[in-house]
Amino acid sequence: MSRSRFSRAAGGHAPVSFAILGCLSCFPARARYHRAVQPEAHRAGSRVPPKVRRAEARSIPACCRSTLDAGRMLKNGLKDDSIRYCSFLRACLRRLPRRSRERNRMLHYGNGNRFAGSNRGGSVVIPGCISALAETKSAPTSRRVRKTTGRSRMRSRKITAAIMFAMASSTAYAADQIVYAPPAAYNWTGFHVGVGAGLGGVSHDAGASIYDYDTGGLIQVGPIDLFSVGGMLDLGGDGALGTIEAGYDHQIGERFVIGIQGDYTWSNFKAGGGLGADVCYENPDGPDNCDIGEIDDSIGLNYSLTAKSSWSILGRAGYVANPGALTYVLGGFTRTKLEGDLTLNSGLGGSTTIAAYDYERDGWTFGGGIEAPVTGAMSLKMEYRRTQWENDTNIPFTETGGISTWDDAVVQSMRGVLSWRFGGDNAAQQAAVDAIPAVNWTGFYVGAAGGFTTARHNAGLDLYDYTTGGLIQVGPVDIFSIGGDLDFGGEGMVGRLEAGYDFQVGQRFVVGGFADYSFSNTKSQVGLFGDYCVEGFPIPGDDDCDNGVVTASGDLTYTLKTGDSWSIGGRAGVLVNPQTLFYGLGAYTRQSLNADLTLNTGFAPIGSQEVLSYDFKRDGWTFGLGVETKLTDRLSTKLEYRNTQWNESEIILGDAEVGLRRLEDSTVQNFTVGLSWKFN
């Protein structure tokens, strides 16, 4: 029997169709029955004489014959035989344990209503059967029914329970008879434009040295001739960014995407340092604030270096991790513009620029991200970028002497970009987004992650005396305090282990809590260094200094390094599609740090000496953003940004009026990618 004819039969004869649907293993025999055996009178819906019905039934199995007979009885109003009908149905369903599981699985995913035009005629019979049982119990009955024993009534209750179980199976099987093509997958091919914003930081490893490698070197200090003297500084800054971009993607097969894009970014990643003082001005003609220890003005000499803007040409290659997300890596060329200035600031006189300059640096960028379709035409992505450049400059004075400088920098950022994909505003693309399968985000999880870090430590000292007369007097000016600060910077790597619990609220929202342990090695350094020789070494009268040979290279270096940390916090996010979560997080963090001052002589008889070393901890607050997408129903990958800050002020000597104060204002940023396993 053809599928269309079977559908018509099911729609026109609901009870009979359910009896047929009830026994799937007999389908070939049922098809032969409808084509050859069943008379036209029955196809038209009229009653069939018992002799003819018995003759027809001999050609099909007993299971189907029973259900067919019982179906006709119920359709033709033979209510007294409804118990017999239900019994036959139950016996038939027992024959089909495997098929029943398949129907239940289909009912679980589709709930029987995603198949347009599906036949639910069979579901009419089950309530009819139950109704018949009720009427049989309450209405006047024949003598045969009145003689029904208690054992028969118990059997009917069991049969009723079996029928309730069969309701789902009949509907799902009817739906299974009509095959529908699955919706097309989301197509990533096409042009796109986007706008976004983000956070990040810059770390400059900068320094300069003056050198003369001729005999005698630069200067002599006792038995040591110095060939070079220099200083180094890790300068760091942080800030925000805004960006616009445009590009083209091309999908290869079902899983792979390649593309190219260009973008322009504005940023204010600022690093610097300065000197400052609180002062009062004496009035020779009468009383003034200096007489009572009050401040007239705050003066500062400040230097800043800011990464102002950049443009990039990048390529990317991605993998479609699931129907709702593209994971990708990127790389390309970036040109960054930087601006530096030296200003004199006064509370009374305003700001005066002493010097200003700008320059550009060319570098290479690499990174990666996760992008998810929100609608057919709009997508949202979170992307990490790391740009590096090296710049070494040498200014020679003579054949053996001159000045050398360097500025090796790393810019790291995390950005979110909302994109419009041309050609995506059609029914097929929207249908692909709507058809992304739902997953359950509720449950406990464990995970591991790793990535890069950048740090800015604004450290300073303030020497003060706010009593009458202040610290020192310079002409008509009394100085109450003198201080300085500097933005130390650094970058390194981080690893993390974490565990948590998520709870899905409705179809769109997820909330959860987590705890994690991290270990990192972000270094910030400042120091002095030089090349030297020792007179009389290794042979008196013919030593390295006489031959212009460097005996050793030494340095005095202060290093501030991050160690392990732990956090306890929570997160809340929105599902832009059923398999991709964008979220924000907040946490309390305790960070371990180590500081040491080391003298490295480079001279074997003396070696390296640790002048001082100490460990300390800082408590701060962490905020961040992330995106997580499913790889399987339990395994997921995520890209995450965290920003931890603390602000400390400590009096080292003295009290609130006279003393020495240490100042610290620090920010550590982490950019990580990881995997999570959920126990749901």
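## Basis of the model

The model is predicted: local features need pLDDT of at least 70, side-chain atom pairs count only at pLDDT 80 or more, and totals for chains, interfaces and linings use all residues. Residues are numbered from 1 along each chain as its sequence is written, and side-chain values use heavy atoms, with hydrogens and water left out.

## Overall build

The protein chain holds 13 helices and 20 strands. Helices (H or I, at least four residues) and strands (E, at least two) are DSSP runs, numbered from the N terminus. Of the 680 residues, 46% are buried. Buried means under 20% relative accessible area, exposed over 50%, and partly exposed in between (1.4 Å probe, protein chains only).

A contact means heavy atoms within 4.5 Å. Among contacts between residues at least 6 apart in sequence, 73% join residues at least 24 apart. The accessible surface is about 32,900 Å², and carbon and sulfur atoms account for 60% of that. Such areas come from the Shrake-Rupley method with a 1.4 Å probe; for residues, only the protein chains shown count as cover.

## A buried glutamine

Gln 429 sits in helix H12 (residues 427-434). Is Gln 429 buried or exposed? Gln 429 is buried, because its relative accessible area is 9%. Leaving aside neighbours within four places in sequence, Gln 429 touches Ala 185, Tyr 186, Asn 187, Gly 376, Gly 423 and Gly 424.

## Salt bridges between strands

The whole structure has 28 salt bridges. Each is a side-chain nitrogen of Lys or Arg within 4 Å of a carboxyl oxygen of Asp or Glu. One of them joins Asp 263 and Arg 385, at 2.8 Å from N to O. This pair links distant parts of the chain: Asp 263 is in strand E4 (residues 256-281), Arg 385 in strand E8 (residues 378-389), 122 residues apart. Both Asp 263 and Arg 385 are buried.

Glu 664 pairs with Arg 618, with their closest N and O atoms 3.2 Å apart. Glu 664 lies in strand E20 (residues 658-678) and Arg 618 in strand E18 (residues 608-630), so the bridge ties together parts 46 residues apart in sequence. Glu 664 is buried at 8% relative accessible area, and Arg 618 is buried at 11%.

Arg 642 counts as buried at 4% relative accessibility. Glu 498 is buried at 7%.
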